[in-house]
Amino acid sequence: MRPHSRTLLLGVLLLTPTSMAQAQSADPSGHWEGTLKVPQMELKVEIDLARDSRGVFAGTFGEPAQGVKGLPLSSVTVEATAVRFVVKGGPEPATFDGALSADGTSIAGTVTQNGFTIPMNLSRTGDARIARVPKSAPIAKQLEGTWNGTLDVNGVPMRLVVKMANQPDGTASGTVISQDGSGVEIAIGIVQQASNVTIDVPSVGASYVAVLNAAGTELAGTWTQEPAAFPLTLRAAR
């Protein structure tokens, strides 16, 4: 082997570990903002990505104009500089596939939903802003468990499942799932004053104000998600 060829080979070998380390150290943690251009409108979106205590990535989705913030991403995958996450904000999930820039300040990619693909670039504007899971004061034993109900949204039924429970630390917590919508389990806040119950769903800008019947088997009230309000009755699944 000629001297200059040997030097070139050594240079490649010396660069390879460094390049690998750079790829492995890519970290998309942070608060990201971007604009999705769809026919006749532009949608501003916000994405927050962070590692949990096990080093696994998780994140949330926000759409300020619709009052959506902190909607959990159904999945997040990070491999080297490739970033993929799935948003289930409706019947059809949206998948984002992108590549993290070398300086970690932008992610260039595309959103695919229902057979359509639209380009979208995200810019990192700071640290992740993932809200803590709501914690509430203890609730009555009657409220604990699973509750089922159906919203009539302009003639379209939307089945909801609400779960509430007291926790060992003296607080209460719960979730709501739209079986005909996103199917994502969303954390809720709970306030109970005697038979009056208020459920807040901050990630989608919704609230439910209801009255618990004497038997503790039914909640009758109104689901409000600006600018609309719908009657909703939840029944205990016991």
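## Close-ups of a predicted model

**View 1. Val201 and its neighbours.** Setting aside residues up to four places away in sequence, Val201 touches Val176, Ile186, Ala187, Ile188, Ala206 and Trp223; a contact here means heavy atoms within 4.5 Å. This is a predicted model, where local features need pLDDT of at least 70 and side-chain atom pairs pLDDT 80 or more, while totals for chains, interfaces and linings use all residues. Residues are numbered from 1 along each chain as its sequence is written, and side-chain values use heavy atoms, with hydrogens and water left out.

**View 2. The largest nonpolar core.** Val201 turns up again here, among the residues with the most contacts inside this 48-residue core, along with Phe85, Leu122, Trp147, Met164, Leu219 and Trp223. A nonpolar core is a set of buried Ala, Val, Leu, Ile, Met, Phe, Trp, Tyr and Cys residues joined through side-chain atoms within 4.5 Å. Buried means under 20% relative accessible area, exposed over 50%, and partly exposed in between, with a 1.4 Å probe and protein chains only. Of the chain's 238 residues, 35% count as buried.

**View 3. Thr175 in strand E12.** Thr175 sits in E12, which runs over residues 172–178; strands (E, at least two residues) and helices (H or I, at least four) are DSSP runs, numbered from the N terminus. Thr175 counts as buried because its relative accessibility is 17%. Its side chain makes a polar contact with the side chain of Glu185 at 3.1 Å. For that label, N or O atoms must lie within 3.5 Å; within protein, one must be able to donate a hydrogen and the other to accept it, and residues adjacent in sequence count only if both atoms are side-chain atoms. Beyond four places in sequence, the contacts of Thr175 include Val161, Val162, Lys163 and Ile186.

View 4. Strands E3 (57–63) and E4 (68–72) pair in the antiparallel sense over 3 bridges; pairing takes at least two DSSP bridges between the strands. Phe61 stands opposite Leu71 in E4. There are 4 residues between the two strands of this hairpin, and Gly67 in the turn has a positive phi of about 70°.

**View 5. Ser203 in a loop.** Ser203 lies in the loop between strand E14 (196–201) and strand E15 (206–212). With a relative accessible area of 7%, Ser203 is buried. Leaving out neighbours within four places in sequence, Ser203 is in contact with Gly67, Val68, Lys69, Gly70, Leu71 and Ile186. Gly67 is the turn residue from the hairpin view, and Ile186 also touches Val201.
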